[in-house]
Amino acid sequence: MMLIPCPFCGHRNESEFAYGGPVKPDRPDPHAASDEDWVDWLTTVPNPLGPVEERWWHVKGCGTWLTIWRDTRTHCVVEGSGDAG
Amino acid sequence: MRDRRLASGGRIDRSRPLAFRFNGKGYRGFSGDTLASALLASNVRLTARSFKYHRPRGIVGSGPEEPATLVELEGCHASANRAATTVRLEDGMAARSVNCWPSPGLDLGAVSQLFAGLIPAGFYYKTFKWPGWRLYEPAIRRAAGLAGAPDAPPPDAPPPDGHFEAVHAHADVLVVGAGPAGLMAALVAGRAGRRVFLADERTEAGGSLLDRRMEIAGRPALEWVAESVAELTSMPNVTHLQDACVWAYREHNFLMVNERSPANPSMLERNWRVRAGKVILATGAIERGLVFPDNDRPGVMLASAAQAYVNRFAVKPGERAVVFANNDSAYAAAADLLASGVDVAAIVDSRDPVPDSARDLAGGIPVKGGSVVIGVRGRRSVKGAAVSKRDGQGASTIDCDLLLHSGGWSPAVHLFSQSRGSLRYDESLATFVPDEAAQACVSVGGASGELSLASALRTGAEAAAMITGTEMPDLPTTTGESYAITPLWRVDAPGAKGRAFLDIQNDVTVDDVHLALREGYENVEHVKRYTTGGMGLDQGKTGNINIIGTIALQKGVPLQDVGTTTFRPPYSPVSFGAIGGIREESVVLPYRHTPVTQWNLDRGAFMYEAGARWRRPGYFLRGDETFQETVNRECRAVRECVGVYDGSPLGKFELKGRDAGRFLDHVYTNLMSTLKPGQCRYGLMLTEDGLILDDGVAMRLGEHRWLVSTSTAHADAVHGHMEELLQTQFPDWSVHVTTVTSQWNNATVCGPRAREVMAALGTDIDLSPEELPFMRFADGHVAGLPARVVRVSFTGELSFEINVAPRHMRDLWEWIMEAGAPSGIEPVGSEASHVLRVEKGFLSLGHEVDGTVDAHDLGMSWIMSKRKADYVGKRSVELRRRGKAVRRELVGLLPADPNDQIPEGAPLTPGGEKRPSEGLVTACVWSVVLDRWVALALLENGKSRHGETVHVRLKNATVAATVGEPVFHDPDGLRMRS
């Protein structure tokens with residue numbers, strides 16, 4: 001079970017959180033985006049081998065939606081996209 | 001029956017004899033025995049039949065590495081596939097061998113040995129291909145395999161005398177293993193005041209010191225162990241568990257410990273989930289076997305196991321032994337056996353020359369250097385060892401009933417490897433040792449390849465001193481032992497013929513690995529999967545490295561390049577009960593109740609699960625009514641006079657902030673911000689991909705204050721959805737969401753005579769249709785209680801939803817029943833509520849709404865705002881609508897025969913024929929207003945097919961039904977607006 005750093009509660013067990021999935025790009029303007037761009041944004045989720053920016057909801061804690069960088073190979077919570085070994 | 005118990009010594013309590021049964025026969029052992037040691041003491045040699053070939057097998061090891069003797073425990077200890085070496089003997093225990101019938105001595109499955117040459121690795125997969133593996137699998141699984149799960153206890157059996165528990169713990173230092181290295185580490189860390197968690201899989205501390213005759217500080221080593229344990233016990237900052245296996249090393253230094261016999265007698269097992277600052281792995285090393293023909297015969301045993309049996313259990317595993325080794329450690333074992341009265345005929349050492357350090361230990365036992373065992377005499381029990389020089393010269397047979405072998409020691413790197421630490425092949429030790437750690441852990445003692453007692457104590461102390469930043473303690477002196485090894489991965493001397501087993505549990509031989517390599521399965525992981533070598537309960541603890549060595553020899557590459565297979569939890573088998581703990585029924589996931597639950601139960605309500613752990617009444621059976629009569633009575637009350645419904649479980653959220661209206665416009669498909677305070681509106685929420693998330697009602701309480709209700713089951717999902725949007729997409733919008741589900745309870749009084757009941761209750765709110773029309777609410781008092789009355793309706797009748805604080809709910813409910821009695825009020829359960837909403841064609845998530853329909857399909861295009869430029873899901877619905885796909889649309893169905901009930905979920909097919917379905921029935925109820933069965937269905941192009949006859953295809957019948965509007969009662973909604 002991972003330890004997830006919550007900005008308000010500190011490091012807490014993963015079981016207190018709900019997974020929010022990898023962070024997608026900002027929602028495109030639904031009037032400007034092409035069909036392809038919209039579907040791409042909707043359905044293509046970042047899935048790198050390595051650090052991924054993702055959201056967790058501290059649902060059994062303070063209620064914060066937080067963002068971490070997690071290395072999918074090691075579960076290490078890393079500071080940013082470039083730091084994982 | 002010959003008793004092989006020594007007269008004295010060992011860690012058994014001779015004053016506590018225990019009786020047990022094995023394969024139906026009675027035996028005796030002592031407290032402190034394992035099932036294996038008690039069987040050996042009773043001279044039971046043939047204890048098992050092998051997995052695939054049904055070869056006779058005996059006891060090979062002394063701990064969790066045991067590959068051969070698996071047993072099924074019966075009675076109150078019922079448990080399948082346990083290694084006999086890890087079963088602590090208890091009085092009255094009954095066990096039987098797995099995979100043989102009727103007994104290991106007379107095993108009818110043993111005929112498969114005749115065909116053994118015909119069933120190499122992959123045989124089943126290659127042979128039983130046509131027409132499909134599944135046809136053959138059940139029979140093969142019966143013939144080859146392990147025990148099944150224990151039978152369920154008979155219904156009249158007493159309840160199990162205990163329960164499982166799972167607990168969390170935190171430790172500054174978790175020490176795995178209470179051998180010399182682990183004890184030393186725990187002492188140093190404990191003395192430094194750290195929170196120490198020490199867990200060891202054996203029933204008592206000491207590790208390998210229990211099995212050997214060693215000295216620490218000039219005294220027997222076990223005295224030092226006892227003193228160390230006493231000191232640890234005296235430290236309040238140390239938790240010390242024995243018979244507790246650390247079976248998983250997960251991410252972020254999270255480890256699982258299975259405590260198999262907690263002190264609490266009401267507890268069967270306990271699973272600790274330990275988060276550790278640092279982990280010290282003192283898991284020791286495991287002896288591996290040598291690979292020679294018939295190295296699986298009963299009586300062929302690991303040298304270290306025999307040493308453990310004489311020293312720890314005071315059992316002579318045989319009378320006359322031959323020892324076969326490629327390293328020094330077996331010499332000490334031979335010396336201990338000799339000292340215990342076992343005649344050791346010879347030590348056969350593959351090394352040439354044999355190092356003097358080893359010869360010094362032999363103590364007069366003849367040593368045959370440069371020699372190997374090329375065969376075993378005896379099938380059901382060893383009778384002799386065939387020995388020759390490595391080049392095949394000088395072959396002879398030495399009579400013996402015990403053949404001990406030692407292929408060297410492999411550090412127990414399982415947990416280190418689970419933590420993703422890398423391994424390195426060490427040439428001088430001829431084994432894999434820990435290399436780079438991936439988490440905050442350090443391996444010490446045997447687990448790091450430090451195989452001497454002195455270095456175990458030293459590395460254990462060093463690791464703890466470094467972690468705690470304290471001084472190294474003075475280390476006690478120890479008896480020294482040397483360790484040198486020259487690897488021998490398999491005996492290939494001329495004359496060595498017969499099956500040489502690499503994995504005894506799975507019947508994998510050298511030939512099987514060669515076959516796998518020939519067929520192109522070159523990667524060690526592929527070899528494992530093709531041959532099954534290294535799988536099973538022991539996970540190849542004694543054999544994996546020999547498989548790696550065999551691959552390396554065959555391919556002509558170094559072992560480092562072959563590498564190991566991936567180590568995964570569990571290290572040793574763990575019962576599911578221990579993993580689950582008491583996560584059963586209501587203990588960890590309690591039900592949610594409203595204040596009216598007891599009232600409901602007192603009136604014989606049959607309770608239903610209502611989603612999100614809520615329980616609500618399904619129906620109130622009265623007298624000798626049938627189920628249908630009950631539901632009809634409750635429905636008629638609402639349609640003809642009045643009913644009352646407890647809506648407290650509905651999700652409720654209060655939204656505050658100047659952007660709340662704007663936000664609701666974004667999450668609902670329809671426009672909310674135009675509501676005025678005091679008004680409410682039914683709304684639909686979509687997910688961004690255009691599917692329906694939930695429906696509910698939004699009320700505007702004030703300029704910047706809203707109350708949103710959701711369905712019972714989806715409250716949490718809606719909450720998460722709103723919070724995610726607010727915190728990630730609109731962090732600058734001023735909206736605060738507060739869950740108030742449990743702050744408001746409500747009772748809905750519904751039916752044509754509802755206003756009468758409200759008047760009888762007494763209220764200061766003007767309930768006239770002019771002052772409080774449909775979809776309005778007002779705050780005030782009802783029956784003297786502060787209340788909010790909302791005009792919403794899920795039944796289609798005139799309804800007043802009275803919201804009060806939970807502490808007033810029970811009073812309110814009883815007063816409603818009192819005030820409504822003259823009007824014929826009835827409490828309404830979920831069943832009647834379902835009928836009433838179907839009659840009105842109101843949708844229900846999970847019935848009409850699944851992952852395919854949108855609002856247009858449900859005839860609710862009006863709710864998809866055209867005035868709003870954007871809302872969640874809008875673009876996706878439009879995109880999908882532009883496709884040419886045929887849509888399934890909501891319709892009403894009237895069965896041709898009004899007495900025909902259609903099962904929910906039944907498919908509609910053209911003409912009722914066996915053709916692809918064109919829809920399905922989502923609900924079917926007996927309508928009290930039409931006095932017939934009515935149904936809702938999703939039907940392809942349903943909206944344009946009103947008047948058509950469609951057919952429901954059932955297993956043995958077809959039901960014709962007429963398509964119509966999905967509403968059967970008051971289509972204009974006049975009654976709920978009255």
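**Entry 1: a salt bridge between two chains**

I looked up Asp35(A) and found that its side chain meets that of Arg875(B) in a salt bridge, at 2.5 Å from N to O. I note that this is a predicted model. Asp35(A) lies in helix H1 (residues 35-43) of chain A and Arg875(B) in helix H23 of chain B, so the pair joins two chains. I recall that side chains of opposite charge can pair when their charged atoms come close.

I then searched for others. Arg27(A) and Asp870(B) also meet through their side chains in a salt bridge, at 2.7 Å from N to O.

**Entry 2: the interface**

I examined where the chains touch. On chain B, 26 residues are in contact with 26 residues of chain A. The two chains bury about 2200 Å² between them, and 52% of that lies on carbon and sulfur atoms. Which residues of chain B lose the most area to chain A? I found Glu251(B), His252(B) and Arg875(B), which together account for 29% of what that side buries.

I also looked for polar contacts across this interface, and the rule finds 17 residue pairs, both residues being at pLDDT 80 or more. On the chain B side, helix H19 (715-729) and helix H23 (874-881) are the elements that give two or more residues. H19(B) gives the most, with eight residues. By type, I recorded five nonpolar, nine polar and twelve charged residues on the side of chain B that touches chain A.

**Entry 3: His252(B)**

I returned to His252(B), one of the residues named above for lost area. It sits in the loop between strand E13 (244-250) and strand E14 (254-259) of chain B. Its phi is positive, about 55°, although His252(B) is not a glycine.

**Entry 4: chain A**

I listed the elements of chain A and found one helix and six strands. From the N terminus on, they run β-β-β-α-β-β-β. The C-alpha atoms of chain A fill a box of roughly 40 × 30 × 15 Å along the principal axes.

**Entry 5: a sheet in chain B**

I traced an open sheet of five strands in chain B, with the order E17-E24-E18-E19-E20 and parallel pairing. Which strands are at the edges? They are strand E17 (300-302) and strand E20 (367-369), each of which pairs on one side only. Neighbouring strands of this sheet are turned by 20° against each other on average, direction ignored.

I followed one pairing in detail. Strand E19 (residues 343-349) of chain B and E20(B) pair in the parallel sense over three bridges. Ile347(B) stands opposite Val367(B) in E20(B).

Two helices that lie across strands of this sheet were noted next. Helix H6 (residues 303-311) of chain B lies across E17 and strand E24 (402-406), running at about 85° to E17(B). Helix H7 (residues 329-339) of chain B lies across strand E18 (320-325), E19, E20 and E24, at about 170° to E19(B).

**Entry 6: cis peptide bonds**

I looked up two cis peptide bonds in chain B. One joins Asp352(B) and Pro353(B), with omega about 0°. Pro353(B) has its place in the loop between E19 and helix H8 (356-362) of chain B. Another joins Pro569(B) and Pro570(B), with omega about -5°. I found Pro570(B) in the loop between helix H14 (559-562) and helix H15 (576-580) of chain B.

Technical notes. Residues are numbered from 1 along each chain as its sequence is written. Chains are lettered from A and ligands numbered from 1 in the order in which they are written. This is a predicted model: local features need pLDDT of at least 70, side-chain atom pairs count only at pLDDT 80 or more; totals for chains, interfaces and linings use all residues. Side-chain values use heavy atoms; hydrogens and water are left out. Contact means heavy atoms within 4.5 Å. Buried area is the accessible area (1.4 Å probe) that two parts lose on being put together, summed over both. A salt bridge is a side-chain nitrogen of Lys or Arg within 4 Å of a carboxyl oxygen of Asp or Glu. A polar contact is a pair of N or O atoms within 3.5 Å; within protein, one must be able to donate a hydrogen and the other to accept it, and residues adjacent in sequence count only if both atoms are side-chain atoms. Helices (H or I, at least four residues) and strands (E, at least two) are DSSP runs, numbered from the N terminus. Ala, Val, Leu, Ile, Met, Phe, Trp, Tyr, Cys and Pro count as nonpolar, Asp, Glu, Lys and Arg as charged, and the others, Gly among them, as polar. Two strands pair if DSSP finds at least two bridges between them. Axes are lines fitted to C-alpha atoms, for helices over the stretch in contact, and angles run from 0 to 180 degrees between N-to-C directions.
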